[in-house]
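Please read each point alongside the coordinates.

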Amino acid sequence: MTQSLEPIVPEEAVEQYLKSRRQDASISTIQNHRYRLKHFLKWCDQTSIENLNKLSGRDCENYKNWRIAQGKIADITLEQQLRTFRVFLRYCESIEAIEPGIADKLIVPNVSKGEAVRDDAITHEEACAICEHLQKYEYASKEHVIFSLLYHTGMRRGACVSLDVADWHSEGEYIEVQHRPDASVSTPLKLKREGERNLSILDVSLSEAMDDYISHNRVPHTEPDGREPLFTTSGGRISGNAVQYITYRVTRPCYYGKECPHGRDVNTCEATESNHYSACPSSVSPHPIRRSAIHHHLNSKVSKSIASERMAVSVDTLEEHYDARSREEKRQARQSELTNL
C-alpha cells in the first residue's frame, strides 16, 4: 500500500466527488450520479469497507457482480452505473484515496446501440388519451398544461421547471426556454446556453389551455428578482419532483379511463393512493414522455436535424438513445423522403 494514500470513508469520497462536478455538470447529472453511487455505498456498508485506501481491482469486480445479483437490472442501466463508478474511481485516484490504476481494471460491459434505446415509454395513442382526459376533466389545470407541454415539445423536466410566465408568447404561439443559473431561484438547463431555444406550440387547444391556465388557475407567485414562474404551487415555483409526481399520476391507465392491463383491482391497488402513483407498472416519469415525444416526431416524418434542435439533443445521441423506431418504421420514413427521386 502506497504510504501517500490518505484514509477516507466511502461516504466522504462520494460527497467530495459530487461537489467536484458542480462546475462541469448539470444538477440533474449530479443527481443521477448520486443515485448511481448509492449502490456502491450500500455495498461498502455490507462488506465493511470503511477506508477506500484498501479498495482493489478485485473489489471492484466483486461490486459489479454484487450489483448484478441484486435483481433484474437492464444492461443499459448497469453500463451507466458502472461508467459513473469508474469516473468516481478516477477522481479517487486523483485525490490519492485509492491506488493508481484501479479504475482501469474495472471492465464495463458495452451495450449495443439497439439495446441502448430504452423501452420504457408511452405510445402516441396513450399520450393522446391522457391529453383528451385532461382536456375534458382537468382543463387548463397545471396537470393538463404540464403533461401536454412535455409531450408536445419533448422538453426535459428541468426545462419545464425553468419556465416563467413571460416565456409564453401567446400571440406568436411559442415558448422560450432559457438558462438562468444565477437567478434568485436558480433554473439551469442541462445543456446550459446550448439548451436555449424557442419552441412553437402547434396544438391550438394547448395554446388556449396555456392562456386559460395563466388567467384562471395559476397560483400567483413572484420571486425576489421579479421572475414569475409559469408553474407554481402554494410554496412557489414548482419542483422537478412535483412535475414527476404529476406524470406518474396521469399516466396510470385507470386514471384516464382504461382497464388495468396488470389485472389489479382499483379498489385495493396501492397505486391509486397519492403517495404511491409510481407503484403502477404503467406509470412513467417525465423522461419516458420525452422519449415518446421524440419517437412520435420521428414517426411523423420530422427530420432528425429538426427534432434535434427542438428537443435540445445531438443527432448522435438522438439516434443512440431515443430513436426506438422499428426497421419498418424507418423504411417508411425514408420512403416518404424519396418520393421525388
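1. The crossing of H1 and H2 is right-handed, a crossing being left-handed if the near helix is turned anticlockwise from the far one by less than a right angle, and right-handed if clockwise. The model is a predicted one, in which local features need pLDDT of at least 70, side-chain atom pairs count only at pLDDT 80 or more, and totals for chains, interfaces and linings use all residues. Residues are numbered from 1 along each chain as its sequence is written, and side-chain values use heavy atoms, with hydrogens and water left out.

2. H1 covers residues 10-20 and H2 residues 27-46; they pack at about 165° with their axes 10 Å apart. H1 is therefore roughly antiparallel to H2. Helices (H or I, at least four residues) are DSSP runs numbered from the N terminus. Axes are lines fitted to C-alpha atoms over the stretch in contact, and angles run from 0 to 180 degrees between N-to-C directions. Angles over 145 degrees count as roughly antiparallel and 65 to 115 as roughly perpendicular.

3. On the H1 side, Pro10, Glu11, Val14, Glu15, Tyr17 and Leu18 meet Ile30, His33, Arg34, Leu37, Leu41 and Cys44 of H2, contact meaning heavy atoms within 4.5 Å. These residues comprise eight nonpolar, one polar and three charged. In this classification Ala, Val, Leu, Ile, Met, Phe, Trp, Tyr, Cys and Pro are nonpolar, Asp, Glu, Lys and Arg are charged, and the others, Gly among them, are polar.

4. The axes of H1 and H4 (residues 75-94) come within 10 Å and cross at roughly 95°, so the two helices are roughly perpendicular. Ala13, Val14, Gln16, Tyr17 and Ser20 of H1 touch Val87, Phe88, Tyr91 and Cys92 of H4. This contact has seven nonpolar, two polar and no charged residues.

5. H12 (residues 286-299) and H13 (residues 304-311) have axes that come within 10 Å and cross at roughly 150°; they are therefore roughly antiparallel. Their crossing is right-handed. Arg290, Ala293, Ile294, His297 and Leu298 of H12 meet Lys304, Ala307, Arg310 and Met311 of H13.

6. How many cavities of 30 Å³ or more does a search of the whole structure find? The search finds one, a cavity being a set of points on a 1 Å grid over the protein atoms alone where a 1.4 Å probe fits but cannot get out. The largest cavity has a volume of about 80 Å³, a volume being the space filled by probe spheres set on the points, which are joined across faces, edges and corners.

7. The lining of the largest cavity includes Cys254, Cys260, Cys269 and Cys280, lining residues having an atom within 4 Å of a point. By class, the lining has seven nonpolar, two polar and two charged residues.

Note on methods. On a 1 Å grid over the protein atoms alone, a cavity is a set of points where a 1.4 Å probe fits but cannot get out, and a pocket is an open set with protein on both sides within 12 Å along at least five of seven lines; lining residues have an atom within 4 Å of a point. Angles under 35 degrees count as roughly parallel, over 145 as roughly antiparallel, 65 to 115 as roughly perpendicular and the rest as oblique.
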